[in-house]
Amino acid sequence: MALVMGVDSSTQSCKVVITSAELSASADAATVPTASPQAAGARGGASGRVGPAVVREGRASHPDGTEVDPAAWWIALQAAIASAGGLDDVEAWAIGGQQHGMVVLDDAGRVIRPALLWNDTRSAGAAADLIAEFGADALAQRTGLVPVASFTITKLRWLRDHEPANAARVAAVALPHDWLTWRLRGFGPEGESPRGPVLDELVTDRSDASGTGYWNPATGGYDRALLAAALGHDAVLPRVLGPDEWVEDQAGRRVGGGAGDNAGAALGLGAGPGDVVVSIGTSGTVFAVSEERTIDPTGTVAGFADCTGRFLPLVATLNAARVLDAIGRLLGADHAELSRLALAAEPGAEGLALVPYFEGERTPNLPDATASLSGMTLASTTRENLARAAVEGMLSGLAAGLEALRALGVPLERALLVGGGAQSEAVRVIAPLVLGLDVEVPAPGEYVALGAARQAAAVLSV
């Protein structure tokens, strides 16, 4: 049995899965049990599919913070691989990971400063400056994105403006999964790596390149004028591998281009055109697999590419599972009790409605908004109705993301509900009513790592 490795190097930790290449490469590899028999019937009984056979797995933690030394990721990756039994019997591998993080290297392959992660907001002013210089419409046409603080291009502009000496030293710019792929293939600073600092050996994939703000999904090439406008000069950028392309590590194993975390999850879930993934974590993401590129000058929908040759338009919200946490604390209820209370109330909670913008919101773009509760009467103000309003309000925020995708013509037929919030029975039951789609809830799993394993299996079979 041929084995492949998939990695998810996320903000919090590094997860490694080693799976059967044959099952990972199968078109029926996604584990997608349905939320209800009705949903299964609507999609031809998708719950009968079998997931990739995970032979072994490992995990290691990452440090907290929005600014992290990439060396910590490298240490965690090696530890996670070791805890998964090593690479000796693995024939191909790929790495998925957090998007947008800025890793800057000098001409000797050394990391110049700690990486700024996607959730580091110090570059918000740089985003506004880039929009003022180029225009939101032009940037959306050229890159599929309107800059916000999370995107790499804004972090490079911040570096230019606030740390000009460091910016001047930048010879290459990579994203977290690009850099880890480079290191695991044997490249890196002289004396720390067997193959040395060959910057031209940096590689990435379409999905992660599409989150930089200086890659054009229409041409498949970098927009170097935008890179120079951000950083102040040109630099080496990772070569973008196609879905069936690979490079080799020092042992001759095939290595896929990897994926950004959302694209990796879509691949691991087996999502295809017509599917939309609704991820309910601390924040929320709504992303769909589309055959067509999307362009949204408002910036609500990020026009990402995926790692298969399609596209992955995405909407992010700030308020997701923490809405349930806040109302649960108010009611003195744990998650199970909050779910029981919500399901004991009628749909619509007798008019009680929660607008869940507890700490502002990104979709819609209301950074200074606060939450509000309306429709309070003597009859409607009950613990049950408040719990129901919390679930419906949270899901309504995600439904706004679905509407933004629909407005751009993205076909939506089935929602795949993932993340910690999807484990709530009330969320699973109420979601189809609020989202207006058949909803399926995959079994919990490391879908980004499984997506990377599927990619590795695919390049192994080419």
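Predicted model: local features only at pLDDT ≥ 70, side-chain atom pairs only at ≥ 80, totals over all residues.
Which residues are buried in H11? Let me start there, and then walk you through the rest of the model.

First, some housekeeping. Residues are numbered from 1 along each chain as its sequence is written, and side-chain values use heavy atoms, with hydrogens and water left out.

Back to the opening question. In H11 the buried residues are Asn-262, Ala-263, Gly-264, Ala-265, Ala-266, Leu-267, Gly-268 and Leu-269. By buried I mean under 20% relative accessible area, with exposed over 50% and partly exposed in between, using a 1.4 Å probe and protein chains only. Helices (H or I, at least four residues) and strands (E, at least two) are DSSP runs, numbered from the N terminus. After H11 comes Gly-270, with a positive phi near 75°.

H8, residues 176–184, is another mostly covered helix, with 9 of its 9 residues buried. Those buried residues include Trp-179, Trp-182, Asp-178 and Arg-183. Just after H8, Gly-186 has a positive phi of about 110°.

Now to some backbone details. Most residues other than glycine have a negative phi, and most peptide bonds are trans. With that in mind, look at His-100, whose phi is positive, near 75°. His-100 sits in the loop between strand E5 (90–97) and strand E6 (103–105). Why does His-100 count as buried? Because its relative accessibility is 9%.

Ala-349 also has a positive phi, near 50°. Its loop runs between helix H13 (335–344) and E20. Ala-349 is buried too, at a relative accessible area of 0%.

Then there is the peptide bond from Thr-363 to Pro-364, which is cis, with omega near 0°. Pro-364 belongs to the loop between strand E20 (353–355) and strand E21 (372–374).

On to the strands. Two strands pair if DSSP finds at least two bridges between them. E1 (residues 3–9) and E2 run antiparallel and are joined by 7 bridges, and a hairpin of 3 residues links E1 to E2. In that pairing, Val-7 stands opposite Val-16 in E2. E2 also has 7 bridges to strand E3 (residues 54–61), again antiparallel, where Cys-14 stands opposite Ala-60. How many residues of E2 (residues 13–20) are buried? The count is 8 of 8.

Phe-287 has Leu-314 in E19 as its bridge partner. Contact here means heavy atoms within 4.5 Å.

Asn-216 is in strand E10 (residues 215–216), and at 13% relative accessibility Asn-216 counts as buried. Its side chain reaches the backbone oxygen of Arg-142 at 3.2 Å. That is a polar contact: a pair of N or O atoms within 3.5 Å where, within protein, one must be able to donate a hydrogen and the other to accept it, and residues adjacent in sequence count only if both atoms are side-chain atoms. Not counting residues up to four places away in sequence, Asn-216 touches Arg-142, Gly-221 and Arg-293.

Finally, Met-376 is in the loop between E21 and helix H14 (383–407). Beyond its neighbours within four places in sequence, Met-376 is in contact with Leu-352 and Thr-381. How many residues lie between Met-376 and Asp-161 in terms of sequence separation, and how far apart are they in space? They are 215 residues apart in sequence and 50 Å apart in space, C-alpha to C-alpha. Thanks, everyone!
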